[in-house]
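Keep the sequence and the 3D view open while reading.

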Amino acid sequence: MKRNWFIAACLSAGLFLPACAPEKSGTDIPFREPAAWQEVLREKLPLLGHRNWIVVTDMAYPLQSRPGITTLYAAAPYPEVLKVVKKRLEKAPHVSAVVYQDRELSFLQEEDCPGITRLKEEMRAILPPGGIERVAHDRLIARLDSVSNRFEVVIIKTNLAMPYTSTFFELDCRYWNGGKQAALDARIRKAVPE
């Protein structure tokens, strides 16, 4: 009732703006236009840190129900979405990423999945293969399931209809690394013996 009164007030005052429009979704999940994924990623990236993940997926990737997982839909070609995510991560001052792809992707051939050769070439142009770790799809999904118990995971589904094409970005601290941590731990052990 209150909402109808507010909309009527906006209309009568000539102030009916898109902000006054009701949500377009019949579910509890707020409706977002497909292009909004870039805005959500832009807003979330400063909040994400090491141990968070960003995943770019194909259309059939499952909608996971854990509260720690945010799923967005990008009505854009997979390579375009992959390129945007990579560029945003490269520009981020606080995080870098370890990149994983499904091991199964390496074994897909054109006769299995028409168009996969071209997609692999486009992916190689965006993410050089030397920096990608290949892991079995089920292991990556299990890892995300475990990580999302404590840390945020952002999944961006694309309109791609090819299997085993997900790219997983495990975020890490850009300005601190394992070598620096080991040196610090050694200094602490030397100064404060256990």
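Which elements make a right-handed β-α-β unit? In this predicted model, the unit is made by strand β3, helix α4 (residues 116-126) and strand β4. Its two strands, β3 (residues 95-102) and β4 (residues 132-135), pair in the parallel sense over four bridges. Strands of a sheet pair through backbone hydrogen bonds, either parallel or antiparallel.

That unit belongs to a wider arrangement. The protein chain has six helices and six strands, and from the N terminus on its elements run α-α-β-β-α-β-α-β-α-β-β-α. An open sheet of six strands has the order β2-β5-β1-β6-β3-β4, and its pairing is mixed. At the edges are β2 (69-73) and β4, each of which pairs on one side only. From one strand to the next, the twist averages 25 degrees.

Helix α2 (residues 36-44) packs on this sheet, where it touches β1 (53-57), β2 and β5 (153-157). The direction of α2 makes about 145 degrees with that of β2. Helix α5 (residues 137-147) lies across β1, β3, β4, β5 and β6 (167-173). Relative to β3, helix α5 runs at about 140 degrees.

The interior comes next. Buried residues make up 38% of the 194 residues in the protein chain. The largest nonpolar core has 34 residues, of which Trp37, Ile54, Val85, Ile156 and Phe169 touch the most other members. Two or more residues of this core come from each of α2, β1, α3 (78-91), β3, α4, β5 and β6. Helix α3 gives the largest share, six residues.

Phe169 shows how separate parts of the sequence meet. Leaving aside neighbours within four places in sequence, Phe169 is in contact with Asn52, Trp53, Ile54, Val56, Leu82, Val85, Leu89, Ala97, Val98, Val99 and Leu127. A second, separate core of 13 residues includes Trp53, Leu140, Val147 and Ile155.

What does a loop residue contribute to this picture? Leu45 lies in the loop between α2 and β1. Leu45 counts as buried because its relative accessibility is 9%, and the cut-off for buried is under 20%. Not counting residues up to four places away in sequence, Leu45 touches Ile54, Arg88, Leu89, Ala92, His94 and Val95. Across the protein chain, residues 24 or more positions apart account for 87% of the contacts with a separation of 6 or more.

The cysteines are the last point. How many disulfides does the chain have? The count comes to zero, taking a disulfide as a pair of cysteine sulfur atoms within 2.5 Å. Cys113 has a relative accessible area of 6%, so it is buried. Cys173 also counts as buried, because its relative accessibility is 16%.

Notes. Residues numbered from 1 in each chain as written. Predicted model: local features only at pLDDT ≥ 70, side-chain atom pairs only at ≥ 80, totals over all residues. Heavy atoms only, no water. Pairing = 2+ DSSP bridges. Right-handed = clockwise from strand over helix to strand, strands pointing away. Axes fitted to C-alpha atoms, helices over the stretch in contact; angles between N-to-C directions. Contact = heavy atoms within 4.5 Å. Core = buried A, V, L, I, M, F, W, Y, C linked by side-chain atoms within 4.5 Å. Buried < 20%, exposed > 50% of the residue type's maximum accessible area, 1.4 Å probe, protein only.
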